[in-house]
Amino acid sequence: MIDVLWPKLLKTAYRKDPVASFFVTVGSVDAVIGGLGTSWSLFSFGIGTVGVAIILRFWLLKRSQIDRATPVPEYYLPPNSSRPQLPILSRNKKHLP
């Protein structure tokens, strides 16, 4: 079951936030290569990159929630007319020829 859900989860993550997902992938590959090759500087760089990518993801998520919480109203017409008001027309009983 996890084999079926894992590709869908990865596709969803990459579509939502491609920049953060890219950095998580690069950082995790660096961490694995550094851990297996006993290169601790590469391992720590990879872990740091993953940490920064996760922080970036949460920061972008929080910022998008704030933007959605306060919608900006769209006005199609200006609040006041720039032209003077027209006089009120009334029907007089006297008609001019």
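Helices are DSSP runs of H or I with at least four residues, strands are runs of E with at least two, and both are numbered from the N terminus. The model treated in these exercises is predicted.

**Exercise 1.** Determine how many helices and strands the chain has, and in what order its elements run.

*Solution.* Counting the runs gives 3 helices and 0 strands. Read from the N terminus on, the elements therefore follow the order α-α-α, given how such runs are defined and numbered.

**Exercise 2.** Describe how much of the chain is buried and what its accessible surface consists of.

*Solution.* The chain has 97 residues, and buried residues make up 11% of them.

**Exercise 3.** Classify the geometry of the aromatic pair formed by F22 and F23, and state how exposed each residue is.

*Solution.* The chain holds 2 aromatic pairs. In the pair of F22 and F23, the ring centres lie 5.6 Å apart, and the planes stand at 65°. Planes over 60 degrees apart count as edge-to-face, so this pair belongs to that class. F22 has a relative accessibility of 48% and is partly exposed, and F23, at 37%, is partly exposed as well.

**Exercise 4.** Carry out the analysis for W40 and F43, and locate both residues in the chain.

*Solution.* The ring centres of W40 and F43 are 5.7 Å apart with the planes at 90°, so the pair is edge-to-face. Both residues lie in helix 3, which spans residues 40-69, and they are 3 residues apart, about one turn of the helix. W40 has a relative accessible area of 55%, which makes this residue exposed, whereas F43, with 31%, is partly exposed.

Methods:
Residues numbered from 1 in each chain as written. Predicted model: local features only at pLDDT ≥ 70, side-chain atom pairs only at ≥ 80, totals over all residues. Heavy atoms only, no water. Buried < 20%, exposed > 50% of the residue type's maximum accessible area, 1.4 Å probe, protein only. Areas by Shrake-Rupley, 256 points an atom, 1.4 Å probe, with all protein chains shown as cover. Phe/Tyr/Trp six-rings, centres within 6.5 Å; stacked < 30°, edge-to-face > 60°.
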